[in-house]
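Subject: Structure for you to look at

Hello,

Here is the structure I promised to pass on. Please open it and keep it in view while you read the notes below.

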Amino acid sequence: MLQQMRTVAKSRVASVFLGLLALSFGVWGIADIFRGNTDTSIATIGSEKIDPDTFQRDYRNFLRGQSTEAGHEITPEEARAKGLDHQALETTLSRDAIDQLVVSYGLRATDAQVSSAIRAVSAFRGPLGSFDHETFLYRIENAGFTENSFVDVERHDIARDQLLVAVHAGFALPPGYTRLLFDYADQQRAAEYVAVPRSAAGTPPQPSDAELVAYIHSHAVQFSTPEYRDVTYAVAGPQDVMSQVHVTDAELQQQYELQKDQYQVPEKRDVEQITFPDAASAKASRAKIDAGTSFDTLAQQRGLKTADVSLGAVVQADLGKERGTATFALPVGGVTQPIKSTFGWVMLHVTKITPGVSKSFADVKDSLRKDVMTELATAKLTDVSNAFDDASAGGATLAAAATRAGMRVVHIPAVDRNGLTPEGTKAALPATPDFRAQLQKSDVGEEGDPFPSADGNVYVIKVNGVTPPKLKPLDAVRAPAVAAWTANWETRRLTQIAGRLVREATADKSLSGIAAQLHASVQSTGALKHNSTSPALPPKLIRSLFDSPPGAVVSAPAPHGEGLLIARVTGVAQPPAPMENPLFFRFARSVSDDGADDFVSTLAMAARARLGVTINQSQVDRITGG
């Protein structure tokens, strides 16, 4: 489609037609012609409208991130099923509302702050390790930004953080509330259970062909061939343009100097320090050290905690001349003599030594050359992409444009979304997930634009055709269909049995009666916690035990499809909260962070309520594929 548009757009007739079309849109308005409404924004918050192009860019980047985490491309259908479209819209609305609140408070980011933040992004560094404007443009354009739009987004982010950090930082839930939550999380329960074997369902009947056909049709995905795509793609990597880049020894020396902090790393030591008010007390403490008292014991005797004495990891220059010289002359565990410092007398204790690193230019020259050459070659791929675009815009086919641009062409007659051919072998596809994602969302017959991949290569994809999924005939899937139908019958039968056994055990307030029926024994779980794991107890059963009152009877499928488990809660214990346990303090910090997040969400919702929000759902659906 893109290729056809490029070709048609060159004709004189097309130019006249497009000119008249543009004039009609200018007079009547695009939306008026088709919908009678010129508002194409996706939403209005207060007096500000959210541009559809901005939301489309953000939604596309959001799905890219979600697809990378999932390890496969998330289709529009899957995104809607998971509510990702709603999540993205809510994030956009809340962000815009907060931004308006930020403006009303007069918070803003300076040019210096924005510039510093952008220059600090590692992805924007060029071949020589410093910020590179061309690399910056290349990266942001692939994410759908112009330079001005990216700077504007960064400026808003920095200004917004000024407000959100103030709301979030230092927040702590009340101790009593934290203790209550910790008690719930730390609660222990015990239960008894009886295993119901799969054989209790009885002998399943032999399904008829009609039943199997009905089952196959109701589980079509399981019994169909996958969709296959006929794919042609062009690829170029750093190795393809390596011969076109060169680096001199002088440039390598310059790069070495820029990265010198990686090659010349001074020795570091983890150091503790105790400060004394006068020389006499310092010398008395040193005498205790000489007599065998440990530095930790000495600190405890003076009422000091680890945080009070720790200086962290330091280099010699951090300690000044006298303290640095004395401290860096000691072995691990050594303690200095008393030293006069600016704030009194001190003794320092070495707890760890991290050796320094010293590599000369000659030591790293070869590896540095390889790294720089790879960076330069990667940057050169921009020229390859531009050359392909120029050739394609001139009417060249994908194969011809790729040849002119110096790209390799690969053709795969049939491949499914898992990268397999109809024979079940792996197709010659790149392993990187972003290539697979781009392949799945490519339209049939449309030649895509060049795009960089996480593997360092540049690709262009064209899907020549699609073979849709096809339901397999009964004779081809009879054995797996019979096995699946039988397993389904057994599961439904076991569910009925479990319902009856749970009712009986609940009435008896014991599992002994149903154990006798099953000729099985009653087993004990021992102490369980919310996050307990056991090869004999599925997570669903453990959750049910904690969601039920003492004495309740619950059921759940046994592990590995071995039947069912009927369990009864026999005891609940609440250990006292370990107030001095670091786990409790980490828990308190975690739930306080969650509470702070809720405050930020509440702030956003309050701002949205005050400003008023109107959503153009048809525009949202158009962008998200609804």
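Start with two helices. The axes of helix H4 (residues 52-70) and helix H26 (residues 617-624) come within 10 Å and cross at roughly 40 degrees. Please note that this is a predicted model. Two packed helices are described by the angle between their axes and the distance between the axes. H4 and H26 are therefore oblique to each other. Their crossing is right-handed.

Which residues of H4 and H26 meet? From H4 come Pro 52, Phe 55, Gln 56 and Tyr 59. From H26 come Gln 619, Val 620, Arg 622, Ile 623 and Thr 624. The residues of this contact divide into five nonpolar, three polar and one charged.

Stay on H4 for a moment. Gly 65 lies in this helix. Is Gly 65 buried, partly exposed or exposed? Its relative accessibility is 33%, so Gly 65 counts as partly exposed. Now find Ile 289. Gly 65 and Ile 289 are 224 residues apart in sequence. In space, their C-alpha atoms are 56 Å apart.

Next, the sheets. Strands of a sheet pair through backbone hydrogen bonds, either parallel or antiparallel.

Strand E1 (residues 43-45) and E17 pair over three bridges in the antiparallel sense. To see one of the pairs, look at Ala 43: its bridge partner in E17 is Ile 615.

Another open sheet has four strands. The order is E14-E3-E16-E15, again with antiparallel pairing. Which strands are at the edges? They are strand E14 (523-524) and strand E15 (553-557), and each pairs on one side only. Between E15 and E16 there are five bridges, in the antiparallel sense. Ala 556 stands opposite Leu 565 in E16. A helix lies over this region too. Helix H22 (residues 474-508) lies across strand E3 (188-197), E15 and E16. H22 runs at about 30 degrees to E16.

Now look at strand E4 (residues 228-236). In E13, Val 458 is the bridge partner of Ala 236. E4 also pairs with strand E11 (residues 408-415), over six bridges and again antiparallel. There, Val 231 stands opposite Ile 412 in E11.

Two histidines deserve a look. Most residues other than glycine have a negative phi, and most peptide bonds are trans. His 519 has a positive phi of about 55 degrees although it is not a glycine. His 560 has a positive phi of about 60 degrees, and it is not a glycine either. Where do they sit? His 519 is found in the loop between helix H23 (512-518) and E14. His 560 is in the loop between E15 and E16. His 519 is exposed, with a relative accessible area of 75%. His 560 is exposed as well, at 73%.

Pro 575 is in the loop between strand E16 (563-573) and helix H25 (582-611). At 21% relative accessibility, Pro 575 counts as partly exposed. Not counting residues up to four places away in sequence, Pro 575 touches Asp 183, Asp 186, Gln 187 and Gln 188. Leu 304 is 271 residues from Pro 575 along the chain, and their C-alpha atoms are separated by 30 Å.

Thr 135 is in helix H8 (residues 133-142). Is Thr 135 buried or exposed? Thr 135 is buried, with a relative accessible area of 14%. Leaving out residues up to four places away in sequence, Thr 135 touches Ala 123, Phe 124, Arg 125 and Gly 126.

Best wishes

Terms used:
Residues numbered from 1 in each chain as written. Predicted model: local features only at pLDDT ≥ 70, side-chain atom pairs only at ≥ 80, totals over all residues. Heavy atoms only, no water. Axes fitted to C-alpha atoms, helices over the stretch in contact; angles between N-to-C directions. Parallel < 35°, antiparallel > 145°, perpendicular 65-115°, else oblique. Left-handed = near helix turned anticlockwise from the far one by under 90°. Contact = heavy atoms within 4.5 Å. Nonpolar A, V, L, I, M, F, W, Y, C, P; charged D, E, K, R; others polar. Buried < 20%, exposed > 50% of the residue type's maximum accessible area, 1.4 Å probe, protein only. Pairing = 2+ DSSP bridges.
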